[in-house]
Amino acid sequence: MNMRNWMVAAMSCLMASMTWAQQETPQRVNTNAFKQLGQELPTPNVYRTASGAPGHAYWQQKADYTMKIHLDDETQRIDGTETITYTNNSPDELHYVWLQLDQNVRALDSDSYSIRESSLDGRTSFDDLRNLEPSFDGGFKIEKVVDVSGSALDYTINKTMMRIDLPRALKPGSQFKFTIDWWYNINDRMKDGGRSGYEYFEEEDNYIYTIAQFYPRMVVYCDNEGWQNKQFLGSGEFTLNFGDYHVELTVPEDHVVAATGTLTNAKSVLNATQRRRFEQAKTEFEQPVLIVTEEEARESEKTKEKGEKTWVFDAKNVRDFGWASSRKFIWDAMAVKVGNSAPLAMSFYPKEGNPLWEQYSTKAVAQTLKTYSKYTIDYPYPVAISVHTKWIGMEYPMICFNGGRPEPDGTYTARTKHGMISVIIHEVGHNFFPMIINSDERQWTWMDEGLNTFVQYLTELEFDRDYPARRGSARNIREYMGGDKTRISPIMTNSESIYQFGNNAYGKPATALNILRETVMGRELFDHAFKEYSRRWAFRHPSPADFFRTMEDASGVDLDWFWRGWFYTTDHVDIAMEDIKWMQMDSKNPDVEVAFRQAADSREPADITQIRNAAGGIPVSYLESDPSLNDFYTTTGKYEVLELDRTEARESLAQLSEEDLALLESGKQYYEITFRNVGGLVMPLIVEFEHEDGEREVRRIPAEIWKMSEPTVTKVFVTNRPAVRITLDPYMETADVDMGNNVWPPRPEPTRFEVYKSGGGAGRYGGGGENPMQRARRDAESKD
């Protein structure tokens, strides 16, 4: 073989050897549950730091609005003109700007209709058939887009987004001012659903208007997303800039208007009696003051004035504007002490809302401001308003629309009452998340809904110690987390692509935070970190990474394992006590030990072979037939203690220290428990030992016991007395989906099933337990 051929052959052998080695030694993927969140989080920079705080070069845009809005109560139409002053605080030169046209979700050609799945079966309602072909046109009609000199601007409408091409580049630090005229038809919220719209009261021919997304709004341009111009399809809500608003609302003369901001022309729209009551409310901290009484509202329903009034509102540093208008409104208000300020808590509601609303609404608003301010930042705005609707719940700065209506005779169930209070707390709470801590709702629903639902849970329990709080408790999320994984999304899923929206974006993140607070971090560390996140990102645009990093930075607790498991996966908690060994120390007293062995042997069944041999299988053994085989051990009783044993024991004890002797005589019990992670989520181990007298002691082991990410861990627990029962997660605080493997001695966990007569339903609200208010909110999100 010549040299060249030899080298080729050698190289071929070497390559084959390397290939074989690679095949035999596969790369190991790091699946450790405690792997740090490196690739999942964006790289820190001068805008957003590794600590989770805004960086020294952080910036955000500003959009100021001056608007004139006209409400036509005859045609249910809104006409508007707005002048927007857009300030470019970014380091970038902008050649165009984007605006949101959210009402176009109701245009006849909206993608929200075309992408909606539909099917037919043997029994279909007329409403379902009509919904297959939308007939209501609620989209924006843009009539004019001009600059300050009146020159027309080039623009392009792409469904729910509009791009305006700038006549010249907008440089960093510069402003661009332009005007838009538009109109649209207001939707009947009772028929078409939606966050905004009207409710018609046929008997008296009156309307309640709850209006939002009613004007073209600037899209957010930010350091980590650029232009957030993802189309509005209905579920993913809003991403908005902060700015100042001056809004003039022209409505029927006898309407009462609630809106974002401060009413600046009270003398023009309120009579002297109403102004006096309004001023009185500003110093009343105990009971709401009626500014418009029920009797006065009933009278307005009948008379229907023909003229118009213009209500003027100013709002500083808000991200949006919402309003409500009706001649049906009763109006009450009271002051709330929050830090060094006293914002007004107010409610607007028709007679149909009483007696519930007069008794509870404004006080629920007040409690919400107090509790949220305690856990986040002091409420900074001058008012917080709750407006009555039949069943929707929706939020805007300083104002929200809330359901909860008694029966026509004024009676109501406990469920209706608590549902109303809960939705008011939740929607008023949205003033903090996302109206102040201004996350990107279009991308991450959980950042406002989940955090808000968590603080709602705390508020409900401060409102009433025995409040039937639904979301936030670990025991209430177990069924969802242990369900069909093909119908469950990770929390870190875009808002439009979430399975089981309520559980995913509201319930699971709220529960996760409550578990962090109560079980993983403890209240003191959690509360400090959560408040620091709120302080850092108030009036800014936080991302998920900013939240995750701040919670760790301000607490000194590594939570990457928790974020990864709870937010990036669909794993669930199911930790089983797989094996338990109860052990005691050898007393080194032969008399005691022989008695213990004899008692233990008596509890053990005899070997089946020995039983059958004794019964005649072996009539006579060899030892029995030949006595010469006997020795010391065969002639001494099995449980006999010899003096030699006692002597050896005394000598052994003599070698022990006083400390050793004390431990030996302590009577301590040792339980070696093997835990198996069945569900995938690692969690702390909370183990309760119950003693014969009923006394209980709880041992808490941090989640880091799973740091090697093995399927099982084993730990020895020491108690002073024997335990009659051992329970893992005794307070159901980790959301463990199967409590049947959490108890020793084993104890079956009963469940319930519903029995119904053939042909009947599965309960008032169906098997899922969804009540009408929840269903309305879901329908609104799917239709809006």
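1. Start with Arg549, which is buried: its relative accessible area is 14%, and the cut-off for that label is under 20%. Bear in mind that this is a predicted model, as you go through the rest. Arg549 belongs to helix H14, which covers residues 544–553.

2. What does Arg549 touch, leaving aside residues up to four places away in sequence? The list is Leu41, Pro42, Pro44, Thr49, Ala50, Ser51 and Gly52. Ala53 also deserves a look here: 496 residues separate Ala53 from Arg549 in sequence, yet their C-alpha atoms are 8.2 Å apart in space.

3. Next, the S1 and S2 hairpin. Strand S1 takes in residues 62–72 and strand S2 residues 77–87, and the two are joined in the antiparallel sense by eleven bridges. If you want a pair to find on screen, His70 is opposite Asp79 of S2. Four residues lie between the strands of this hairpin, and Gln76 has a positive phi near 55°.

4. S1 has another pairing to check, with strand S13 (residues 243–252). Here the sense is parallel, and there are six bridges. Met67 faces Val247 of S13 across this pairing.

5. Then there is an open sheet of four strands, ordered S5-S6-S3-S10, with antiparallel pairing. Strands S5 (155–158) and S10 (217–218) are at its edges; each has a single partner strand, so one side of each lacks a neighbour in the sheet. For S5 and S6 (residues 161–170), the antiparallel pairing consists of four bridges. Tyr155 sits opposite Ile164 of S6.

6. Now for a helix pair. Packed helices are described by the angle and the distance between their axes. How do H10 and H12 cross, left-handed or right-handed? The crossing is right-handed. H10 runs over residues 446–463 and H12 over 501–520; their axes come within 7 Å and cross at roughly 55°.

7. Sorted by class, the contact between H10 and H12 is made up of ten nonpolar, three polar and two charged residues.

Notes
Residues numbered from 1 in each chain as written. Predicted model: local features only at pLDDT ≥ 70, side-chain atom pairs only at ≥ 80, totals over all residues. Heavy atoms only, no water. Pairing = 2+ DSSP bridges. Axes fitted to C-alpha atoms, helices over the stretch in contact; angles between N-to-C directions. Left-handed = near helix turned anticlockwise from the far one by under 90°. Nonpolar A, V, L, I, M, F, W, Y, C, P; charged D, E, K, R; others polar. Buried < 20%, exposed > 50% of the residue type's maximum accessible area, 1.4 Å probe, protein only. Contact = heavy atoms within 4.5 Å.
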